[in-house]
Structures are given as C-alpha cells and as structure tokens.
Amino acid sequence: HKRNMDSLALRVLINAAIFKANERSDRSLEKPVAELLGRITASVKCDADIWETYSDFNEKLDRGIDRVIDCRVKQIRSLMSVKGWEKTEESIGEVAKASKRL
C-alpha cells in the first residue's frame, strides 16, 4: 500500500510540474523533477507505475520521443516481469494498454 501512495505522490508532483510548464509557461520545476525521477529510477528499476509517470512527464513536456519510448519500454518490461502476468486478464490489459501507448 505504501508503494501506491509513493507512486501517487510522485504523480501529483509530476502533474504540478507539467501544469506549471504548460499553463504558466514556467519550466522551473522541470529540471529538479527530472533529476528526482532519474534518482528514483536508478534505484527502483522494476516499477511500472514509476516508468509510466516518467514517460508521461517526458511526453507532456516534449523532452524527446527517445526518452518517452525508453521509459514506456521499461514500463512494459516491468509489467511483464511479474510472474504469471500472462495468466490474468487485468495484467494482460495493463501490458496491452502500455504497448498501445508505445
């Protein structure tokens, strides 16, 4: 449950940075948030929620399609690393949804 809260808190921070950049033309949060995401993903390699958040951050701030694709591929790999993912409809749907966004 704590991991879900951490992912949710990270998503809120990312959305604030995106809002500030897009609605207020202020990209002052972009660099520190990108650095935070880099540190998080360096230590937590297999969390699909974090990779999805990182991909969305890169996409919505036009940080480069290569970054978006890299994060999305890592999200899919994370989803598929869960033992038995192919045996549940929910997990298959998550992989399909992430793959479609690729």
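Begin with Ser-78, which you'll find in helix α4. Helices here are DSSP runs of H or I with at least four residues, strands are runs of E with at least two, and both are numbered from the N terminus. Ser-78 counts as buried, at 4% relative accessibility. The scale is simple: buried means under 20% relative accessible area, exposed means over 50%, and partly exposed is in between, with a 1.4 Å probe and protein chains only. Now show what surrounds Ser-78: leaving aside neighbours within four places in sequence, it is in contact with Lys-45, Cys-46, Asp-47, Ala-48 and Trp-51. Contact means heavy atoms within 4.5 Å.

Before you click on, some ground rules. This is a predicted model, so local features need pLDDT of at least 70 and side-chain atom pairs count only at pLDDT 80 or more, while totals for chains, interfaces and linings use all residues. Residues are numbered from 1 along each chain as its sequence is written, and side-chain values use heavy atoms, with hydrogens and water left out.

Stay in α4 and select Met-80. Met-80 is partly exposed, at 38% relative accessibility. Draw a distance from Met-80 to Ala-48: C-alpha to C-alpha you get 9.3 Å, for two residues 32 apart in sequence.

Next, the pocket. Rolling a probe the size of a water molecule over the atoms shows where empty space is left. The largest pocket holds about 370 Å³ of space. For the method: on a 1 Å grid over the protein atoms alone, a cavity is a set of points where a 1.4 Å probe fits but cannot get out, whereas a pocket is an open set with protein on both sides within 12 Å along at least five of seven lines, and lining residues have an atom within 4 Å of a point. Grid points are joined across faces, edges and corners, and the volume is the space filled by probe spheres set on the points.

Colour the lining by type and you'll see 5 nonpolar, 4 polar and 8 charged residues. In this scheme Ala, Val, Leu, Ile, Met, Phe, Trp, Tyr, Cys and Pro are nonpolar, Asp, Glu, Lys and Arg are charged, and the others, Gly among them, are polar.

Buried or exposed? Ser-55 is buried, because its relative accessible area is 0%. Its side chain is joined to that of Arg-72 by a polar contact of 3.1 Å. A polar contact is a pair of N or O atoms within 3.5 Å; within protein, one must be able to donate a hydrogen and the other to accept it, and residues adjacent in sequence count only if both atoms are side-chain atoms. Not counting residues up to four places away in sequence, Ser-55 touches Val-68, Cys-71 and Arg-72.

Time for the greasy part. In soluble globular proteins, nonpolar side chains tend to be buried together. Select Leu-10, Ile-14, Val-33, Leu-37, Tyr-54, Phe-57 and Leu-61: of the 14 residues in the largest nonpolar core, these touch the most other members. Elements giving two or more residues to this core are α1, α2 (30-43) and α3, and α1 gives the most, with 5 residues. A nonpolar core is a set of buried Ala, Val, Leu, Ile, Met, Phe, Trp, Tyr and Cys residues joined through side-chain atoms within 4.5 Å. Zoom in on Leu-37, which touches Leu-10, Ile-14, Tyr-54 and Phe-57, residues up to four places away in sequence not counted. Apart from this core lies another, of 6 residues, including Ala-48, Leu-79, Trp-85 and Ala-98.

Last stop: two loops. Ser-25 sits in the loop between α1 and α2, with a positive phi near 55° though it is not glycine; at 67% relative accessibility, Ser-25 is exposed. Asp-62, in the loop between α3 and α4, is a non-glycine residue with a positive phi of about 50°, and Asp-62 is exposed at 71% relative accessible area.
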